[in-house]
Amino acid sequence: MVNYKDALGFQKYQHLVDVFASLDENGNGQLDSKEVENLFKEAGSELSAEELKEFIAQIDQDKNGVLDLDEFLMLYVKHKGGDMSQKDANAFRKLSTALEVVQTRNEASGAVHSYSAPEVRAFSQYINDNLKDDPLCKGYLTLQGEDLFTKVRDGVLIIKVINLSAPDTIDERVINKKPRNEFQMRENHDLALATAASIGCRIVNIGANDILNGTPHLILGLLWQVIRIGLVSKVNLQMHPGLAKLVNTEAGETLKDLAALSPEDLLIRWVNYHLKNAGVDKRIKNFSDDIRDSEAYIHLLDQIAPKDKKKEMATPFSVMCVLLSNAKLAVNWGRKIGAKIYALPEDVVEHKHKMVMTIFACLMERGLQNKS
């Protein structure tokens, strides 16, 4: 296995890890075609569908259709060592040029390491709702705005969020509950980061100093990974055997294949299953452009809503109108059926991927509960 820190030098390695994290809009540790496409759009050099597919294939060593951090870094290692095929050289030239254009533009506008206000709002509300009755958290809540970055500084809240997503992973007896100095805070940070890595988070560009300093984009990145694990942890075949109906037997798929799907792919499969049952042509392939008009939400909610709640909801075909109105309607209906939705309608219209995924994850959990 390549030691990228040695091969690239620590500073270059850390810079590339940060760059990769900034491109990874949904925080899943991979760059999909949409995220790569967005990079080139921002650089003013849009690729056709065929060019995009070819570009990814040039770097995608395991041929799974997405780029992971190792594949991203390996391209730079090959370039540094002069060990590049013509295809690798072409891919590197396109990638490095696009990144240079975007970075130069961001530096000129002061937009380096910007962070998302909707994420701050949604993550704060998630923490407020789920930890409001925890005695240890009374001194930290209610979070509002940028409180989030100062209140996580001592590590206690981050540990509590990790235990929300993966209950009892951290023995809370070992937490420095009222840390008196930076040393005790760092002990909490080290415990939180090591545990986050153990439950599946990618901890490659954040350390104790970043939490202590309240570095917004890194703290949000860590919290998103932890919260995402919690949101999808209850959505599996073990807890909900009824998901077996999502198996595509016509394509020769088995339960094992279904269980191997990523959380996002399982969510998309579940949504499309209900859209098919609704008798509409609409299908989604992503949580960005495909849901911007909220049509998928509205038909999905009509399918999963309990009968007593349907009386309070209009029929899907009677309400389709402008984008924001559709989004407001979808979010309102979701809350009516008991789903905890932390995103706003504007997040849907602006297709903020992370916020949209939280909505569908909450709807899926609620829908499965209603069926059981």
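Colleague: What is the relative accessible area of Asp-171?

Modeller: Asp-171 has a relative accessible area of 34%, so this residue is partly exposed. Buried means under 20% relative accessible area and exposed over 50%, with partly exposed in between (1.4 Å probe, protein chains only). Before we go on, note that this is a predicted model, in which local features need pLDDT of at least 70 and side-chain atom pairs count only at pLDDT 80 or more, while totals for chains, interfaces and linings use all residues. Residues are numbered from 1 along each chain as its sequence is written, and side-chain values use heavy atoms, with hydrogens and water left out.

Colleague: Thanks! Which residue meets Asp-171 in a salt bridge?

Modeller: A salt bridge is a side-chain nitrogen of Lys or Arg within 4 Å of a carboxyl oxygen of Asp or Glu. The partner of Asp-171 is Arg-173, at 2.7 Å from N to O. Arg-173 counts as exposed because its relative accessibility is 70%.

Colleague: How many salt bridges does the structure hold?

Modeller: There are seven salt bridges. In one of them, the side chains of Lys-160 and Glu-172 meet at 2.8 Å, N to O. Lys-160 lies in helix 9 and Glu-172 in the loop between helix 9 and helix 10, so the pair ties together parts that are twelve residues apart in sequence. Helices here are DSSP runs (H or I, at least four residues), numbered from the N terminus. Lys-160 counts as buried at 6% relative accessibility, whereas Glu-172 is partly exposed at 25%.

Colleague: And where do Lys-34 and Glu-37 lie?

Modeller: Both of them lie in helix 3, three residues apart, which is about one turn of the helix. Lys-34 forms a salt bridge with Glu-37, and the closest N and O atoms are 3.8 Å apart. Glu-37 counts as partly exposed, at 23% relative accessibility.

Colleague: Let's turn to helix packing. At roughly what angle do the axes of helix 3 and helix 4 cross?

Modeller: The general idea is that two packed helices are described by the angle between their axes and the distance between the axes. Axes are lines fitted to C-alpha atoms, for helices over the stretch in contact, and angles run from 0 to 180 degrees between N-to-C directions. In this model, the axes of helix 3 (residues 33–42) and helix 4 come within 10 Å and cross at roughly 110°. The two helices are therefore roughly perpendicular to each other, a word that covers angles from 65 to 115 degrees.

Colleague: Which residues make the contact?

Modeller: Contact means heavy atoms within 4.5 Å. Helix 3 brings Ser-33, Val-36, Glu-37 and Phe-40, and helix 4 brings Leu-52, Phe-55 and Ile-56. Take Leu-52, which lies in helix 4 (residues 49–59). Leu-52 is buried, with a relative accessible area of 9%. The C-alpha atoms of Leu-52 and Glu-37 are 6.9 Å apart, although 15 residues separate the two along the chain.

Colleague: What about rings: how many aromatic pairs does the structure hold?

Modeller: A pair of aromatic rings is described by the distance of the centres and the angle of the planes. Rings of Phe, Tyr and Trp (its six-membered ring) pair if their centres lie within 6.5 Å; planes under 30 degrees apart count as stacked, over 60 as edge-to-face and the rest as tilted. This structure holds seven such pairs. One of them, Tyr-126 with Tyr-342, is edge-to-face, with 5.6 Å from centre to centre and 75° between the planes. Its partners are 216 residues apart, with Tyr-126 in helix 7 (residues 117–131) and Tyr-342 in the loop between helix 17 (323–336) and helix 18 (345–349). Tyr-126 is buried, at 9% relative accessible area, and Tyr-342 counts as buried at 10%.

Colleague: How is the pair of Tyr-297 and Phe-360 arranged, stacked or edge-to-face?

Modeller: That pair is stacked, with 4.6 Å between the centres and 10° between the planes. Tyr-297 is in helix 15 (residues 295–304) and Phe-360 in helix 19 (residues 353–371), 63 residues apart. Both Tyr-297 and Phe-360 are buried.

Key:
Angles under 35 degrees count as roughly parallel, over 145 as roughly antiparallel, 65 to 115 as roughly perpendicular and the rest as oblique.
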